[in-house]
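I opened the model today to look up a few residues and their surroundings. My notes follow.

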Amino acid sequence: MALLFINEIDKDVRLGVWEMEENLNYEKFASLPFYDRLMSLSDGRRKETASVYSLLFAMTGNRNLVIGHEPSGKPYVEGYKIGISHTKGFVSVILSTSCDVAVDIEYINIRVLRIADRFLREDEKPATLLFSMKKDKSGDKDIIPDVVPDVIPTLLFWCAKETIYKLYSDERLTFQNIKIMDAEQGGALCGNNLIAGESVRIDYAFNEDYVLTYARK
């Protein structure tokens, strides 16, 4: 397993991404309280869970933390508010001691285009098209990596909706209850909870491997 980064994105918010490796040594978790549960999981879930804990320990320096889940599925850990996401090859964790946080990470895959009509609102589709035509700061180069142009914007809106859903997990929002708009600031979207009438900034990043979105409130 390999730490990709831990960033201080606000005075009380930390974000990390960890890349999973094929061959893992689970014995280093043997003395920890969740070891038996870890070893009872399937190979895929065990790898994801070990990666999440490795990242959590790297972010906090505390190897005694144990992650639990509320009935809604929202994760919790003593002393922090936490958001967790995993995808093929990567996990991400966001932590705060004061504000609600959420994160979503998805690997780049064209399959998102096949399900776009299931989660995009009709009034969001023009925004994904405009996003696909954005340039970098010089104005000379497309900011979208060298993949099918529609994939990144569509996947970005998917991740943004997942992030808002997690941030308001107790409300059980549907995709139609969430409207994503391009924000004026670079590197950010605006996520609207149409039921609560609230808007939240969603920061994002992407590369050739994954799309990452995160938010706090």
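**Notebook: surface, core and a loop**

The model I am reading is predicted.

I then placed D209 in the chain: this residue sits in the loop that links β10 (198–206) to β11 (210–216). On the surface, D209 belongs to a patch of negative charge together with E19, E21 and E208.

Which residues touch the most other members of the largest nonpolar core? I noted I164, I180, L189, I202 and V211, out of 27 residues in that core. At least two core residues come from each of α3 (116–119), α5 (151–167), β8 (178–182), β10 and β11. The largest share is that of α5, with 10 residues. In soluble globular proteins, nonpolar side chains tend to be buried together.

I stayed with β11 and looked up L212, which is found in that strand. Is L212 buried or exposed? I recorded L212 as buried, because its relative accessibility is 1% and the cut-off for buried is under 20%. I also checked L212 against E106: the two are 106 residues apart in sequence, yet their C-alpha atoms are 6.7 Å apart in space.

My last entry concerns R172, in the loop between α5 and β8. R172 has a phi near 50 degrees, a positive value in a residue other than glycine. With a relative accessible area of 47%, R172 is partly exposed.

Key. Residues are numbered from 1 along each chain as its sequence is written. This is a predicted model: local features need pLDDT of at least 70, side-chain atom pairs count only at pLDDT 80 or more; totals for chains, interfaces and linings use all residues. Side-chain values use heavy atoms; hydrogens and water are left out. Patches are made of residues with over 30% relative accessible area and no salt bridge: like charges are joined within 9 Å, nonpolar side chains (Val, Leu, Ile, Met, Phe, Trp, Tyr) within 5 Å. Accessible areas come from the Shrake-Rupley method with a 1.4 Å probe; for residues, only the protein chains shown count as cover. A salt bridge is a side-chain nitrogen of Lys or Arg within 4 Å of a carboxyl oxygen of Asp or Glu. Lys and Arg count as positive and Asp and Glu as negative; His and the chain ends are not counted. The place of a charge is taken as NZ of Lys, CZ of Arg, CG of Asp or CD of Glu. Helices (H or I, at least four residues) and strands (E, at least two) are DSSP runs, numbered from the N terminus. A nonpolar core is a set of buried Ala, Val, Leu, Ile, Met, Phe, Trp, Tyr and Cys residues joined through side-chain atoms within 4.5 Å. Buried means under 20% relative accessible area, exposed over 50%, partly exposed in between (1.4 Å probe, protein chains only).
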